[in-house]
Amino acid sequence: MKSRFSKFRRDCEFIHKLAGTQSKVHFRSHDSCPNVPARPMIAIPALDLRGGACVQLAAGSYDQEVIRIPDPVGVAIAWRQYGFHHLHVVDLDGVSGHGTNTAEIQAILGATDVQVQVGGGIRSGDMIQRYLDDGAERVIIGTRALEDPDWLAEMSTLYPGCIVVAADVRDRKVLSHGRSRTQPKLVLDLIEDLNGLPLAGVLVTAVHREGAMRGTDLPLMEDVADVADFPVFASGGLGGLGDLRALADRGVAAAVIGMALYTGAMDPWVVAEEFSE
């Protein structure tokens with residue numbers, strides 16, 4: 001495991017190097033494809049926080065880290081220098097209830113001019129207000145949004161266009177409480193219930209594909225995009241430009257990308273050029 005972790009850490013050194021330079025150093029990738037027209041879908045790098053560090057988790061695990069970078073602000077700046085205009089920041093400690101990374105999130109919000117959506121353990125109006133006041137563009141809410149529809153309706157009306165509902169999905173079933181519980185409704189039923197609320201969107205994570213970089217669940221994402229009256233953010237399993245183009249063709253508004261960008265499976269220069277507004 002140590003050698004595998006060291007390899008991933010070496011793969012991620014480009015982020016640190018870029019944070020201190022404006023030079024554009026492409027790395028070679030099978031995804032590199034010149035002269036591809038821009039697409040309306042947005043690619044958003046994921047920046048997951050645990051214990052004050054930026055981490056990426058092993059496929060199928062909520063605890064095992066395979067990437068750990070101690071400078072999350074540097075990572076945020078690096079993604080901006082690649083050309084991304086959005087970031088997806090999640091407080092994993094907030095999700096688990098074992099602390100928070102509020103100071104790191106505030107530092108990220110203050111360090112770049114990108115649009116940041118923040119999530120992870122947000123369960124009160126005060127927390128929504130605080131992150132918006134700190135400069136977040138959107139706030140992601142999972143468990144309470146799923147279990148307290150009246151509260152969600154109130155919050156989405158109070159903060160129109162600012163709230164993204166997070167739905168972690170496996171076998172079309174929605175998970176909550178750090179994926180430890182299964183909700184009674186299937187994801188498409190949930191989307192129909194959410195239609196009509198002034199949401200910024202819904203984030204659908206294909207949990208069964210997450211971290212593996214073998215492609216997302218396209219039928220799932222297509223069905224959600226067909227039903228939803230608001231933007232759909234897709235996550236889980238993305239491994240190449242072909243995955244992004246397939247999502248764009250199916251009407252998905254944004255794709256949140258983690259492991260594929262951190263390991264270099266996707267060339268961030270190419271991704272940002274094709275899928276950045």
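**View 1. The second largest pocket, with a volume of about 190 Å³**. In this predicted model, local features need pLDDT of at least 70 and side-chain atom pairs count only at pLDDT 80 or more, whereas totals for chains, interfaces and linings use all residues. Residues are numbered from 1 along each chain as its sequence is written, and side-chain values use heavy atoms, with hydrogens and water left out. A pocket is an open set of points on a 1 Å grid over the protein atoms alone, where a 1.4 Å probe fits, with protein on both sides within 12 Å along at least five of seven lines, and lining residues have an atom within 4 Å of a point; the volume is the space filled by probe spheres set on the points, which are joined across faces, edges and corners. The lining includes Leu146, Pro149, Gln183, Lys185 and Asp193, and at least two of the lining residues come from each of α7 (143–147), α8 (149–158), β9 (181–186) and α9 (187–194). Helices (H or I, at least four residues) and strands (E, at least two) are DSSP runs, numbered from the N terminus.

**View 2. Leu244 in the largest nonpolar core**. Such a core joins buried Ala, Val, Leu, Ile, Met, Phe, Trp, Tyr and Cys residues through side-chain atoms within 4.5 Å, where buried means under 20% relative accessible area, exposed over 50% and partly exposed in between (1.4 Å probe, protein chains only). Among the 75 members, Leu47, Ile128, Leu244, Ile257 and Val271 touch the most others.

**View 3. Asp171 and Arg172 in the loop between β7 and β8**. Asp171, exposed at 60% relative accessibility, has a positive phi of about 55° without being a glycine. Arg172, partly exposed at 27%, likewise has a positive phi, near 70°.
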